Amino acid sequence: MKQSRKNLIFLMTALLFAAQFIGNYGDFQLAAIPARVYAAFGLTDMQFSSLLTAPMLPSIFLSIVIGLLVDRFGIPKIVGIWMILAAAGFILRLFAVSYPVMLVAMALSGCGCMIVNANIAKLASALYPMDKVSRVVGILMAGANAATAVAFATTSMLPSLRVIFLIPAVAAVVTALLWCLFAKDSLFIQNKAPEEEKASIAASLKLCFRSRSLWLAGLTLFLILGSSMVLTNFHVTALTTLKGYSEAMAGSFNSVLMVGAILGSVFLPIFVTKKPAQAPAVVFVMLLISAVTAYGMIALPAAGIYICSFINGALRSGVIATLMMTPVLLKEIGPRNAGTAGGFIITLQLIGNVVVPTYIIVPLGGGNLLTYFILALVCMLLAAIVCLIFMKTSGAFEKKA
């Protein structure tokens, strides 16, 4: 491989990582400074939660469509369009003065994450050989976790909302411009199906909707992400309200959680692909531990919160990154239909991200922050059960001959 091609592939990977980083950084800036955001827009708990989940709305409604478009028309143009829309959302945040405008801006800002997440397995397998896909998926997933760690660690130190919103806006514009300038179809040719082997749109959709394994993987992500979003959205608020910590101190716990998440995202998928026979039992135990530590993140003294936050982030994010590889691991899907299948499971995941915290747990919790975390624990326990069934029955994690 020529050095110039290697450099361009590295650039593409870096820009995909950046799209993940910027989208999540911009979102969780709000979770890191809830008091300022509540005051600036006059929010209720449900409105605040809806702002944090708004970046997932494009994924809920468009992930399957985007996966189909990428499968049929290629990666560079489709990814570029959605990176531009994400940049537009971040720019709009600079001028938002009301909740409705901010809601629209936050929804648009999620377009960059959507295009990467919906096609993450396809993107990785288009740039790299199959033996490197798990590592690349883990690294791209780590971008989201790294961004959240940075957001919680630094946002409270910035002087104003305008400065806070300006940083991701500039970064998003630069990322979109670089992608549009350098992304070419000729770079995304690893594991590419020949033209005659490409399935029709109808066939791809039919295949995905009939796949029991994809439904189980999607339901697992629905529950994991729903639980995780509750923890992320309300951890700072809970610790400042119930424990009396400052926003900066409370944010430090989430930074530790995201450090764990980065490590889990990178290393657990590699373990799963190397030790597939042991993966179902190991992942089941990891999700059980994640459930227990979700409660410890609010109930224990500071040292215990740091430990539980790290463990929770590492284990749940490692499982998420593993499940994101599902489309290329399943025999009935493979790289050929990975975009459509990725969009399918991402749709289920993001429905959980939005519906579980905002429309299930918050109403059931009735404003009680401790109840929010107990319900998040229950969601993670359910995820462990569904994930075990998926990994035992899908065929993707069987010991290879």
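Student: Which element gives the largest share of the lining of the largest cavity?
Tutor: α1 does, with 5 residues. This is a predicted model, where local features need pLDDT of at least 70, side-chain atom pairs count only at pLDDT 80 or more, and totals for chains, interfaces and linings use all residues. Residues are numbered from 1 along each chain as its sequence is written, and side-chain values use heavy atoms, with hydrogens and water left out.

Student: What counts as a cavity, and as lining?
Tutor: On a 1 Å grid over the protein atoms alone, a cavity is a set of points where a 1.4 Å probe fits but cannot get out, and lining residues have an atom within 4 Å of a point.

Student: How much space lies in the largest one?
Tutor: About 470 Å³, the volume being the space filled by probe spheres set on the points, with grid points joined across faces, edges and corners. Of its 27 lining residues, Asn24, Phe28, Ala144, Leu225 and Asn353 are the closest to the centre.

Student: How do the lining residues of the largest cavity divide?
Tutor: Into 12 nonpolar, 13 polar and 2 charged. Ala, Val, Leu, Ile, Met, Phe, Trp, Tyr, Cys and Pro count as nonpolar, Asp, Glu, Lys and Arg as charged, and the others, Gly among them, as polar.

Student: Next topic. How many cavities of 30 Å³ or more are there?
Tutor: The structure holds 2.

Definitions and conventions: On a 1 Å grid over the protein atoms alone, a cavity is a set of points where a 1.4 Å probe fits but cannot get out, and a pocket is an open set with protein on both sides within 12 Å along at least five of seven lines; lining residues have an atom within 4 Å of a point. Helices (H or I, at least four residues) and strands (E, at least two) are DSSP runs, numbered from the N terminus.
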